[in-house]
Amino acid sequence: MAVISAETENSSSKKVQITKEIGRSLWQDAWHRLAKNKLALACMIVFSFYIVVSLLVAFGILGATWSTTVGESYAAPDWNHWFGLDIFGRDVLMKALVGTQVAMSVGLVTVMISVPIGLLLGGISGYFGGVVDEIIVWFCSIISSIPSIMLLITVTFILGRGIFAIYLALGLTSWVGLCRMIRGEVLKHKNRDYVLAIDALGGSHRRKLFTHILPNVFHIVIIDASLTFQMAIKSEVILSYLGLGVQDLPSWGKMIDDSKLELARGVWWQLGAATLFMFLILLSLNFLGDLLRDALDPKLRGQE
Amino acid sequence: MMNDIIDRTNAKMNKGETVFEIKNLTVEFNTSDGMFKAVDNLSFVIPRGKTVGLVGESGSGKSVTSLALMRLLTRNGHITSGEIHYQGKDLVKISEEEMRSLRGSKISMIFQEPMTSLNPVLTVGDQLIESIQLHLKLNKKDAFEKALALFKQVKIPQPEVKIHSFPHELSGGQKQRVMIAMAIACDPELLICDEPTTALDVTIQQEILDLIKSLQVSLGMSVLFITHDLGVISNVADHLLVMYRSKLVEEGNAQEVFKNPKHPYTRGLLSCRPKLDANPNRLLTVSDYMSEDGTALKVDPARLVEVDRQGSRVEKIKESEDILVIRNLKTYFPIRTGFFKTVRNHFKAVDDVSFTIKKGTSFGLVGESGCGKTTLGRTILKLVEPSGGDIIFKGQHITGLTKAEMRPFRKKMQIIFQDPYSSLDPRMSVEKILSEPLEINSPEMSRSEKNHIISTLIEKVGLRKNHLKRYPHEFSGGQRQRICIARALTLNPELLICDESVSALDVSVQAQVLNLLLDLQEEFKLTYVFISHDLSVVNFMADTVAVMNEGKIVELESAKNIYQNPKHHYTQKLINAVPKITNYPVFALN
């Protein structure tokens, strides 16, 4: 807002009531705005809860006994088993918790594979331009012209079934969007005067790209990561539902697949548990993505 | 119907009648830092058929006033008290529906940026016809006739052809004319012009000002003209309002205010603009007339001394050595067309330019946008590769040097850009921004040495040490430009290229930065290449002036001669376009 910067020279402190702390970077500024937002806080709490659950499962503290039979087949939910039991008398809640760990690890590993690829290729392509740019853009077009589900199925067929195949399949196919966005932003920033000023000072390519341009486009990475994360969770569910996903562990997709036959017999709890667990994390990641964009995008500053 | 028109014409002839009356208007903005009063208890009248000038620096509340008149404030802005009377109605109280019927028909507005005010996918004629049909309920054919008449009225060349053009096919001045045509289409009673010429070249600025003036007379409408530059408004306004920090500080007949300004702020504003016919040692600024808390100050007589600075420096120029010699410099950009992107032609941005700059002097480079002056500045620094010719810096040819060989020369030549908002990395603190040049060029320097250099420099450019921890978005435009100057000086350069370095600043801030540049020149024995479209600024700064047009230097003379005795007709045109404050008084004694 132009009105707020109503200060004449040499009077920076007098005119405007500076209630904000001074010397706050744009990152700190974004964090403060995010922390003030109750919805963002709630989403972050949900996300942290899922992370904690996944860690507990990963270290065998929680859900290690999911495969033991604890009661009758298809026993309805009660106080001991909140989401009832499945066909073999296993606790559905335990299965859903182990499924959480599978889903979260898929999300995390996918982001860890796709973000570096997208960032690197996008940065190089936008910064150097020319033939390198044309090759990378051509490669992006090829990948995005193949229907993603077909690409995923192909990759899992080649790599064999299992969770590692899913990690790789999702990671190697989901970097295209990020790459394109980074390329566009880098193109815009590399012609800004502050980068030209580094040229005038004799700065290297490395300094211009890594010290100046990339920090200025990094907010896109954070926003994109939150969206890729939830996309990966959804894709894992779909792949597992199709029988191409994880094999020996329970997953939300497999639970939904199982419940196809159960619903006819009035057994809704397996479907209910998987859907609820999935719904909560996807919703909060979606909100978080939007809120992150609002907080981090310099263009939207001061419009609240 | 006929009577109606006669009545209206009579009403327009009736002088001294008030169209708008604004009483005790207060506008507040709800920001994340609390309530901000943008307009504070403002009262004024707009008489029929007169031009009212509203002057103030950015952030003074002048644009907010005009938006409040139109009831177009953003969602966080509110008119908290006051009345706006028009035809017996209070515009603050009427419904949004009623207000909408007034907007564009009775009150219309033109903005600063004609480039973004037009829809790029429709022809300008279609956009004009659309607004005519909307307000006047004409059929397509009559609306077209009306549009064509309007195009002729705002003097767009070849109106029959231009009416079918898309916005990108028109020049900036022509686009602003289209905006004016749209604004006057419904014969409004009030035309609000919000800095309508700030984004335009000087020569075009004058044409647009003349057009607004002549339309105002022929249509008998009232004009509210908003600007930060008293020079622009001096020939246009009948009545003048000066705003400072949300408040009205001075109002009166324009001639009176120019001759005998009462408020120290107005005096400061009038004095801070460089003039073509006077050459003071330093420009007077608002702070010479008024202290921080608004009390009037007695101007230091030493500051008022008008010296023939250029004359006294001529001798010095003769003695000093050449720091930069440019010989037949050419910068061509290839124009690639066709499927295989073959080079068919060249755009000659800099075309066979030669000149010499002496050490310790200022070399002015003037011209309109697109004349190649920025490319020339960047070519000298080899930010753009020259296509031919020689650049000789301190006796050494730097034209063919590689990036690594260029490195030692980079320390000696620096540049300050035009836009203080894009020339600082928004993610870096000022301290990091200033230490970066040292990191690149003297990596062996110790932390404490760097800190010493930086903290000395930040005070030299008029900022404080505690500013180092802050980030660029926490500074105003003038302060950012000071940071840019400090960054350019960290390496102790000898040649400094100022590329339109003060054009984006308010006149009052511009004067302070110009004074700073002169102080620094004396202290560090700097040589300036001063690039600007504003002749009065170049006249104030430069010893030698080169006038550029279409990539060529058309006139190269000492600053004094070029203004007193311009030889080339293009130079003449540029000089005539500078807005002059007639009867320029000297406010020596308060």
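Predicted model: local features only at pLDDT ≥ 70, side-chain atom pairs only at ≥ 80, totals over all residues.

A: The bridge partner of B:V547 in β20(B) is B:E555. β19 of chain B covers residues 544–549 and pairs with β20(B) in the antiparallel sense. Six bridges join the two strands.

Now step back to the whole sheet. It is open and has six strands in chain B. Their order is β16-β17-β18-β13-β19-β20, and the pairing is mixed. Which strands stand at the edges? They are β16 (413–416) and β20 (552–558) of chain B. Each has a single partner strand, so one side of each lacks a neighbour in the sheet. From one strand to the next, the twist averages 15°.

A helix packs on this sheet. It is α15 of chain B, residues 373–380.

Next comes the nonpolar core. The largest one has 234 residues. Among those with the most contacts inside it are B:V529 and B:F530. B:L128 and B:A181 are also on that list. In soluble globular proteins, nonpolar side chains tend to be buried together. Chain A takes part too: its helix α3 (residues 92–128) gives the most to this core, with 15 residues.

Follow B:A181 further. Leaving out residues up to four places away in sequence, B:A181 touches B:L128, B:L150, B:F151 and B:V154. Beyond its neighbours within four places in sequence, B:L211 is in contact with B:V154, B:K155, B:R177 and B:I180. B:L211 lies in helix α9 of chain B, residues 202–219. Is B:L211 buried or partly exposed? B:L211 counts as partly exposed, because it has 18 C-beta neighbours inside 10 Å, and buried takes 20 or more. B:L211 and B:G477 are 266 residues apart along the chain, and 31 Å separates their C-alpha atoms.

Last, chain A, the source of helix α3. Chain A has eleven helices and zero strands. Its C-alpha trace spans about 80 × 50 × 30 Å along the principal axes. Of its 304 residues, 43% count as buried. Among contacts in chain A with a separation of 6 or more, 66% join residues 24 or more positions apart.

Technical notes:
Residues numbered from 1 in each chain as written. Chains lettered and ligands numbered in written order. Pairing = 2+ DSSP bridges. Helix = DSSP H or I, 4+ residues; strand = E, 2+ residues; numbered from the N terminus. Axes fitted to C-alpha atoms, helices over the stretch in contact; angles between N-to-C directions. Contact = placed C-beta atoms within 7 Å. Buried ≥ 20, exposed ≤ 12 C-beta atoms within 10 Å, placed from the backbone. Core = buried A, V, L, I, M, F, W, Y, C linked by C-beta atoms within 7 Å.
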